[in-house]
Amino acid sequence: MTPELGQIALILALGLATLLGTLPLWGAWRQDARWMALARPLAAGQFAFVALAFALLVHAFVAKDFSVAYVAHNANSLLPLPYRVAATWGGHEGSLLLWQLMLAGWTLAVARFSRQLPPDVVARVLGVLGLVGVGFLSFTLLTSNPFDRGLPAPADGRDLNPLLQDPGMVFHPPLLYMGYVGFSVAFAFAIAALISGRLDATWARWTRPWTLLAWAFLTLGILLGSFWAYYELGWGGWWFWDAVENASFMPWLVGTALVHSLSVSEKRNSFKHWTVLLAILAFSLSLLGTFLVRSGVLSSVHAFASDPRRGLFILAFLVVVIGGSLGLYAWRASAVAAPHAAHGPRVRFAAWSRESLLLLNNVFLLVTAGTVLLGTLYPLALDAFGLGKISVGPPYFEAVFVPLMVPVLVLMVFGPVVAWQRGSWTQAWKTLRAPALAALVLAGAVAVVARASLGVALGLLLSLWIALGTLQLLRRRWVAVPGQTAWLAPARALPLGLWGMAAAHLGVGVFVAGVTLVKGFDHAQDASLKEGDHVVVAGHDFHFASLAKGKGANYISARATFEVTREGRHVATLHPEKRLYIVQRMPMTEAAIDRGFTRDLYVSLGDASPDGAWGVRVQVKPFMGWVWAGCLLMALGGGLAASDRRYRQRVQQAQVGTGPATTSSDTPSSHAPAWAPSPHPVQP
């Protein structure tokens, strides 16, 4: 009866989500403390029942209950236990239930860690999250129920897609969904602010740590998905501008803009409407990604099976959420903008100021996301209207993406060193002159020695500019901490927000360097080899030493041994495999990779020919590990910034007449609590 119990748990969760989406909002409108107080227990109850349903579905997979149709479609008695657990979210229905679990978890986290917020704010935020939960729980129960029985029960299941039988797929979906769903919190805060008319620095501070966490999780999710494609698909690439890859990249771009816009809203009480719009767009693009992956409009290794009912439901939900939120924004924007006196005088800033640079940066990020959206949806629109089928691939995306990102990479170094409101170009250049000249000299030297192309030289220049500029900023903040004599004392005095920003920016620099060097100096060769043959690629001799038969829990394999030498010295032993999964009769390539600080050696097996030769793809990929290290640094930066102790202190409302100066200062000389008024009010 566990499947029936799971379905009952989902129904009860839907009932609690409905109450959460109505009663606290009604209480906030009526200022009734009793109704508002229901928000937290309802959020806890919703999470408990969704978690119970998810646990029961996991139990059905572990117990091999093939009477459940979803289990029969995505598991087999030969499937190893870790992959039976991961198969819980390996198909459409289970992935939606995982989404529900993440949403309920984020809702519970907001309820748990928002004790310092006013009750009406908590009620509105949790109420909006409850309404989102109603939509997804209804979708699950009406069109995608993972507990539906398939009678008579088959003797065994169809097995999990072999592409998903990999450790990367165990962790990739949960992390990606944590990012996707995490933007719902920023969305809920934005909608709550529009309803209440409370758009100020305090609201931005409430929202910012949740947005940073969501952004960090989404970064990790994209990293794991890209890493999985690199080693599992056998072609050696890490990003193909696949439509489903774009579905996660677009909210990441808008989320990056949102993080920076929240910084201005928090510190300067500016960009409030821009910030609200970005919060709506980030979550809307997350929902759009759900529609693309689960409606069946895409054909991708990441996409799930099609069902017209599902697509129609998600499309309707998309229209309601996006249309409703944008309509509320249009209706309430003027009302929210009116009472400047309540938040202090209007702040004006010069063309050369940190506000202007961050605004320009955000415009570029938003335009970049728009170009990716156009390239993703345009082929679908043509196909839907019967105007033919076209493919928009890497040439388009690289041609439009790279030129738009170059200004972003340049501005991200200037932004932190330029003063708020009215900056000085002379002072900024004086600070960054040494890093700029050093980057130019180093990039030029590497380009000349390696005989690199102009594009590679530009990429190296940008990566060095970001890294050296960020280190220069840290050095200036480090020596500016007053009253510190111990060498490591400034490290403890500087806020985690600064360290997080520096880590994320350094991560971008490392990432750009990795991508530039991989694309500029990648060496690949396809060969047909028999045992005893060898091929030389980029000075490395790959010797096909032997081939052995193998057997796994649910597959048979041919496992090759390659001995790699360089100038007569042994470098690595690689074991690429060609697997045939028994149940689905599906061949899979398992690449062998020897990873190093400066290069990856990559070998994958193709098909065997009648004469005993094997198709082999051999690659030497310089600095491939820097791509992954850069993404890890970015995610670490988001986590550090979100854990800044200033966000755990009670936030005071801005006082009338002090304007944006009532928010915390980000200068290293400011040691006042995060909520304390600044001693130097900003003049209008």
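Which residues is W203 in contact with, leaving aside its neighbours within four places in sequence? They are F189, A190, A193, R198, T275 and V276, where contact means heavy atoms within 4.5 Å. This is a predicted model, in which local features need pLDDT of at least 70 and side-chain atom pairs count only at pLDDT 80 or more, while totals for chains, interfaces and linings use all residues. Residues are numbered from 1 along each chain as its sequence is written, and side-chain values use heavy atoms, without hydrogens and water.

**Nonpolar cores**
- F189 and W203 touch the most other members of the largest nonpolar core, which has 164 residues.
- A nonpolar core is a set of buried Ala, Val, Leu, Ile, Met, Phe, Trp, Tyr and Cys residues joined through side-chain atoms within 4.5 Å; buried means under 20% relative accessible area (1.4 Å probe, protein chains only).
- Helix α9 gives the most to this core, with 18 residues.
- Another core, of 20 residues, lies apart from it and includes A527, A560, F562 and V616.

**Packing of α9 and α11**
- Helices (DSSP runs of H or I, at least four residues) are numbered from the N terminus.
- α9 (residues 167-196) packs on α11 (residues 243-268) at an angle of about 45°, and their axes, lines fitted to C-alpha atoms over the stretch in contact, are 11 Å apart.
- L176, Y180, F183 and A186 of α9 meet A247, S248, P251, G255 and L258 of α11.
- The residues of this contact comprise seven nonpolar, two polar (Gly counts as polar) and no charged.

**A330**
- A330 is in helix α13 (residues 308-337) and is exposed (over 50%), with a relative accessible area of 59%.
- Its C-alpha atom is separated by 9.8 Å from that of L194, 136 residues apart along the chain.

Note on methods. Axes are lines fitted to C-alpha atoms, for helices over the stretch in contact, and angles run from 0 to 180 degrees between N-to-C directions. Helices (H or I, at least four residues) and strands (E, at least two) are DSSP runs, numbered from the N terminus.
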